[in-house]
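Keep the structure open while reading.

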Amino acid sequence: MLIAQITDLHIRMPGQKAYRVVETDQYLPPAVVALNALDPTPDLVMISGDLTDFGRPAEYAHLRAMLQSLRMPYFLLPGNHDARDGLRDAFPDHAYLSEAGEFLQYTVEEHPLRLIVLDTVVPMQSHGSLCAQRLNWLADRLAEQPGRPTAIVMHHPPFATGIEHMDAIGLLAGAPELEALVSRYANIERILCGHLHRTIFRRFGGTIASTCPSPAHQVALDLRVGGPSAFVMEPPAFHLHHYLDGSLNTHHAYIGDYPGPYPFHEDGGLIDE
């Protein structure tokens, strides 16, 4: 099974720049081209939040139009820049959104690796939270199939990253309870997150939690105490999660055209010239 993860698209309207710098809608089409070119083709694309920059209906409509050329199914979850109702309204054919209830939480059951999607959004706030209702929902889903390989997907990572300004708007409630719950299940392969615009891995509750880069701008790698809130235009990228032989491998994949591939060997030997 192959899962492509893209995140933090922050889509704005054509000609508009996020933070006066990034025309975010210009970065999604190359990401779609890169995903469509993958061989083997991913079974699905998981888009893990901050789909738009302000949660406006026009932004969601623009996002939907750009995603139409994806050749594989895709699943959506909200981030702190999103609006649940706007997301539902823009994607009425994504039944899992309209059936989810107050929180946009659901499972994807059709593949060898089960996906459980958690909603960490606090409306009109940048930080995330997992309240008792959301945690109880997760506990019920995990108890349904305690032996089945599973990944949990959420926007805000449940751990401190060392990037101070992002940790200040991280998952500020529910992380200890989530870790205690996850630690009871050996079948949880990974917790896949967005929000950080960077690749980060950490052990959490006996499994591995990770964050994914953006196809647009990346959060600056600054681990200083009091480091400023800033972003950089590092190469756009995504994650490719390959469920293979009962385990999940993650590959960091860049978006764009680069020289190569070049061979290592020629005429049966290592090239030495």
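Two strands are said to pair if DSSP finds at least two bridges between them. By that criterion strand E14 (residues 237–244) and strand E15 (residues 247–254) pair, in the antiparallel sense and over eight bridges. The model in which they are found is a predicted one. Ala237 has Tyr254 in E15 as its bridge partner. E14 and E15 form a hairpin with two residues between the strands, and in this hairpin Asp245 takes a positive phi near 55 degrees.

Six strands take part, in the order E4-E5-E7-E9-E11-E10, and their pairing is mixed. The edges are held by strand E4 (106–108) and strand E10 (200–204); each has a single partner strand, so one side of each is left without a neighbour in the sheet. From one strand to the next the twist averages 20 degrees. Strands of a sheet pair through backbone hydrogen bonds, in either the parallel or the antiparallel sense. Within this sheet, strand E7 (residues 150–153) and strand E9 (residues 188–193) run parallel and are joined by four bridges. Ile152 stands opposite Ile191 in E9.

Helix H5 packs on the sheet, where it touches E4, strand E5 (114–117), E7 and E9. The direction of H5 makes about 170 degrees with that of E5. H5 covers residues 132–144, which is 13 residues, and from its first C-alpha to its last it reaches 18 Å, close to the 18 Å expected at 1.5 Å a residue. Which residues of H5 are buried? They are Arg134, Leu135, Leu138, Arg141 and Leu142. Seen down the axis of H5, these buried residues fall within an arc of 120 degrees, so they line one face of the helix.

H7 lies across E7, E9, E10 and strand E11 (207–211), and runs at about 65 degrees to E10.

Two packed helices are described by the angle between their axes and the distance between the axes. For H5 and H7 the angle is about 10 degrees and the axes are 11 Å apart. Angles under 35 degrees count as roughly parallel, and H5 and H7 are therefore roughly parallel to each other. On the H5 side the contact is made by Leu135, Leu138, Ala139 and Leu142, and on the H7 side by Glu177, Leu178 and Leu181. Leu135, Leu138 and Leu142 are also among the buried residues of H5.

The peptide bond from Asp39 to Pro40 is cis, with omega near 10 degrees. Pro40 lies in the loop between helix H1 (28–36) and strand E2 (44–48). Another cis peptide bond runs from Gly260 to Pro261, with omega near 5 degrees, and Pro261 is found in the loop between E15 and strand E16 (265–266).

Positive phi values also occur in loops. Asp8, in the loop between strand E1 (2–6) and H1, has a positive phi of about 55 degrees although it is not a glycine. Is Asp8 buried or exposed? Its relative accessible area is 0%, so Asp8 is buried. His197, in the loop between E9 and E10, has a phi near 55 degrees, again a positive value in a residue other than glycine. At 5% relative accessibility, His197 counts as buried.

The loop between helix H3 (84–90) and helix H4 (95–98) holds His94, and Phe91 lies in that loop too. Phe91 counts as buried at 0% relative accessibility, and His94 is buried with a relative accessible area of 10%. Leaving aside residues up to four places away in sequence, Phe91 touches Tyr60, Leu63, Arg64, Leu67, Tyr74, Leu76 and Leu97. The C-alpha atoms of Phe91 and Tyr60 are separated by 8.5 Å, with the two residues 31 residues apart along the chain. With the same exclusion, His94 touches Tyr74 and Leu76. His94 and Tyr74 are 20 residues apart along the chain, and their C-alpha atoms are separated by 9.3 Å.

Methods: Residues are numbered from 1 along each chain as its sequence is written. This is a predicted model: local features need pLDDT of at least 70, side-chain atom pairs count only at pLDDT 80 or more; totals for chains, interfaces and linings use all residues. Side-chain values use heavy atoms; hydrogens and water are left out. The expected span of a helix is 1.5 Å times one less than its number of residues. Buried means under 20% relative accessible area, exposed over 50%, partly exposed in between (1.4 Å probe, protein chains only). The arc is that of the directions from the helix axis to the C-beta atoms. Axes are lines fitted to C-alpha atoms, for helices over the stretch in contact, and angles run from 0 to 180 degrees between N-to-C directions. Contact means heavy atoms within 4.5 Å. Angles under 35 degrees count as roughly parallel, over 145 as roughly antiparallel, 65 to 115 as roughly perpendicular and the rest as oblique.
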